[in-house]
Amino acid sequence: MNIVRLSSIRKYYRSSAAQALDGVDLELDSGEIHAVVGENGAGKSTLARILCGFERPDSGSLYVKGERADFSSHRDAERAGIGFVPQYSMLAPGLTAAENVALGHEPRRLGPFTDRRRASYEFSLLADRYGFAVDPDAVVASLSAAERREVEILRALARGGSALVLDEPTSILGEKETASLFALVRRLRDSGAGIVYISHRAGEIADLADRVTVLRSGAVERAFAAADVDECELAGLIVSGAACADPDRTEGGRTAGLRGGAAPGEPALVIRGVSQRARGSGSLLRVDLTVRSGEIVSVIALGGNGLETLEDVAAGIVSPDEGDVLVKGRPLARWPGRELRSRVMAYLPTDRENRGLSPKASVAMNAVAGRLFDYSFSEFAAGARPLADAAGMLGGFGVANWKGRRVDTLSGGNRQRVVASRELSGGAEVVVAANPAQGLDRGARSRLFSRLAAMRDSGSAVLLLSSDPDDAAELADRSFALYRGRLIPVERGESFEAAFSKALTGARQ
Amino acid sequence: MSAVGSLVAGSLAFMAPLAPAAIGGLATEYVGALNIALEGLILVGAFSYAAAGSIAGPIVGFAAALLSSAIVAAGADLFSRKAKADPFVVGLGVNMLAPAAASILSQAVFDTKGVAVVAGLQSAMALPGLRYSDVASFAVAAAIIAAIAATPFGTRSRAAGMSRDSLAMAGVDYGRVRGAAYFVSGLACGATGAALAASVGAWVPNMSAGRGWIALVAVYLGGKRLGGTVAAVAMFSLLLSAAAAAQAVVELPAELLLSIPYFTAALVVIVGARGSARRSARRRAP
């Protein structure tokens, strides 16, 4: 029986100028697990938020058991029996488990007062029914990640429970917890609930799903029964285009122009035994990585596998809980910041707006920001030399029409070119480039990649962190996938992309 | 009465107008908003008590004080939410507007911009050192304590301050919870203002005399927790009462004596802030 149906859902986000959903249809029957898969930014989470009443679609309609429905808050969705388990914790950390589940629906006594005992009792009943053993009166902040997830699930099941939407539910769970979550999801399915399961992990979906819908750029690319494809094909569908073990597919000729040059030399950037706990699933587990002079090493990961944490650690933004990061043999933390950043390490951050640029300063000032101490006071005040330097740097990356403009008047792609101009003009010995091609058009991308390749050829050590396997295929000498905080080497050679897809989605090799 | 007895009675008299304002400050702290306007709201309450009381008697005056402060507080919050204005700046505006508006209205109601004594508005003594208005003020404080400690409103407020997402998951509108917290905060400041005006039976310009700020300090000193805030209020009241009593005994300039509680408070805040900075630094370290 059909529980929920979405029809031609569209959603545009003005803040990011993105068409998150562009006419999506989705059906959920009772007693099925419907996996919604796709890359980051494909629109999976937006779809979940609309289905659960957190956001309203711009157009399109939503039907609950055949009836047209319009959710103005999650409460409406709950009334229709739809529960939501979010990817990241949406619990109030200072309240108890029972208080969190009862929030908004508190039992009362003596008129206006909360009946705490009944809230705890109802929580225990619910926990018993689903085989959880969380203490109702434990403050959420004191619970483990897995226990917090259990509280989230209980909250979703407390009201409704005829449909459950799980957004990347395993991203913060270990293997044991994942297995018990799967058992629970199957049990709910068998008792007649409909489950929407959002994930980009092929292994899980092959295990669990009855039906699969693949989203790409806000539209349904394919919808099929899970039995029709194997795990390998699934991995290929999640990460764009790569097929599994297809002998015809080898590295294309497009990569040849970039690779080559001097043999790698001394280790320039060494990440040794680094573990770092982070929010959500961003933790790193004993990561070892060496980047030598004259090579480009890429680490590729899909969202929520620790790539951002690795970026922070490699760039020295945070010092890891365990392990060391050495730049030219010296611990990163012991480098004087000015010396490190003006001569030794170039850093292209993912968060270019906040970390990479000073948006309210001029483009020229942003371009020369790394070398302000090279100017005497009078040179800086006169402005001619800094402006000439800026012109040289910006020209090299094709930024035009920048005079007298502030950075925040530039487009996203041009902003990244400003960052690249500043960071890559000095000939740094170590380059940490995080998602450097994001938002760049084809021309700018190939210019940036040629520059990185040229720096490698002249002896720089380049660490490329990206969520796009194509970046690695084009540029890297050695590649790793980062999955759940662990590095997995990916061998070059035949079916490179397929191997990547498998590693990235956790499909068994 | 023994010395200790009179000290306690004195500190209760100081505490009566301070306690509601501090609890009101805590109510918005719970939702994660600093109500900087406590001082101005107390003035609104005090003036409303005197003005409405001069027409319809002290009980109506007390009710008018509660309501007018609450409406101003909730209105200011609504304005900052709808106009997306910084609530802090809006609160400062209330603090500047309240005495000016009171002065203009005072001219209209009492024919003076100065002290306006209203016959029959000074509250009688219920107990030695404690007026009926003080008892009413404590009652308001107790009611708000009950509301934020034991009702769904209190839990939702705390959830709002910790994670707005948790409220969204509960289908509760953040803006409504915050508006309610400001309303409660206004009620509390109204009680403080009414208690102040009732203790002298008059409207005196700027009669709040910094109590709104002391109330805020008490909230922070108490670690933004209920028990801590109540303890801080009690400590302040005792110090203020002791300083007032000491005037008769110690031969020091009165100004110096009366400022000791404030210096002590400043010292406690500085020491407390350093302690909490050290604690959180230790928490951050691996």
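Visitor: Before we start, what does "buried" mean here?

Guide: This is a predicted model, and the word rests on counting C-beta atoms placed from the backbone. A residue is buried if 20 or more other C-beta atoms lie within 10 Å of its own, exposed if 12 or fewer, and partly exposed in between. So the cut-off for buried is 20 or more.

Visitor: Good. Which residues of helix α8(A) are buried?

Guide: That helix covers residues 231-238 of chain A and is mostly covered, with 6 of its 8 residues buried. Going through them, you get A:Cys232, A:Leu234, A:Ala235, A:Gly236, A:Leu237 and A:Ile238.

Visitor: Is A:Gly83 buried or exposed?

Guide: Look for A:Gly83 in strand β6 of chain A, residues 82-85. Leaving aside neighbours within four places in sequence, A:Gly83 touches A:Glu78, A:Ala156, A:Leu157, A:Gly160, A:Gly161 and A:Leu164. There are 27 C-beta neighbours inside 10 Å, and the cut-off is 20 or more, so A:Gly83 is buried.

Visitor: What separates the C-alpha atoms of A:Gly83 and A:Ala163?

Guide: Along the chain, A:Gly83 and A:Ala163 are 80 residues apart.

Visitor: Let's zoom out. What is the radius of gyration of chain A?

Guide: Chain A comes to 18 helices and 22 strands, in a box of roughly 75 × 60 × 45 Å along the principal axes of its C-alpha atoms. For 509 residues, a compact globule would have a radius of gyration near 23 Å. The value for chain A agrees with that, at 25 Å.

Visitor: And what is the radius of gyration of chain B?

Guide: Chain B has 11 helices and 4 strands. The globule rule gives 19 Å for 286 residues, and chain B is close to that, so it is as compact as a globular protein of that length. Its C-alpha trace spans about 55 × 45 × 30 Å along the principal axes, and its radius of gyration is 19 Å.

Visitor: Among contacts in chain B between residues at least 6 apart in sequence, what percentage join residues at least 24 apart?

Guide: For some background on chain B, buried residues make up 49% of its 286 residues. Taking the contacts between residues at least 6 apart in sequence, the share that joins residues at least 24 apart is 76%.

Visitor: How are α5(B) and α8(B) oriented to each other?

Guide: Helix α5 of chain B runs over residues 132-150 and helix α8 of chain B over residues 174-200; their axes come within 9 Å and cross at roughly 165°. Angles over 145 degrees count as roughly antiparallel. The crossing is left-handed, and α5(B) and α8(B) are therefore roughly antiparallel.

Visitor: How many residues of the contact of α5(B) with α8(B) are nonpolar?

Guide: The α5(B) side includes B:Val140, B:Ala141 and B:Ile144, while the α8(B) side includes B:Leu187, B:Ala188 and B:Ala191. Sorted by type, the contact has 1 charged residue, 4 polar ones and, as nonpolar, 11.

Visitor: How are α6(B) and α8(B) oriented to each other?

Guide: Helix α6 of chain B, residues 152-162, has an axis that comes within 10 Å of that of α8(B), and they cross at roughly 115°. This contact is made by B:Phe153, B:Arg156, B:Ser157 and B:Ala160 of α6(B) with B:Tyr174, B:Val177, B:Arg178, B:Ala180 and B:Ala181 of α8(B). The range 65 to 115 degrees counts as roughly perpendicular. The pair α6(B) and α8(B) is therefore roughly perpendicular.

Visitor: Which element supplies the largest share of the side of chain A that touches chain B?

Guide: The contact between the chains takes 21 residues from chain A and 17 residues from chain B. On chain A, α2 (74-79), α3 (97-102) and β8 (113-114) each supply at least two residues. With 3 residues, the largest share comes from α2(A).

Visitor: Is B:Lys84 buried or exposed?

Guide: You'll find B:Lys84 in the loop between α3 (58-82) and α4 (87-110) of chain B. Its phi is near 50°, a positive value in a residue other than glycine. Most residues other than glycine have a negative phi. With 7 C-beta neighbours inside 10 Å and a cut-off of 12 or fewer, B:Lys84 counts as exposed.

Definitions and conventions:
Residues are numbered from 1 along each chain as its sequence is written. Chains are lettered from A and ligands numbered from 1 in the order in which they are written. This is a predicted model: local features need pLDDT of at least 70, side-chain atom pairs count only at pLDDT 80 or more; totals for chains, interfaces and linings use all residues. The radius of gyration is taken over C-alpha atoms; the globule rule is 2.2 Å times the number of residues to the power 0.38. Two residues are in contact if their C-beta atoms, placed from the backbone, lie within 7 Å. Axes are lines fitted to C-alpha atoms, for helices over the stretch in contact, and angles run from 0 to 180 degrees between N-to-C directions. Angles under 35 degrees count as roughly parallel, over 145 as roughly antiparallel, 65 to 115 as roughly perpendicular and the rest as oblique. A crossing is left-handed if the near helix is turned anticlockwise from the far one by less than a right angle, and right-handed if clockwise. Ala, Val, Leu, Ile, Met, Phe, Trp, Tyr, Cys and Pro count as nonpolar, Asp, Glu, Lys and Arg as charged, and the others, Gly among them, as polar.
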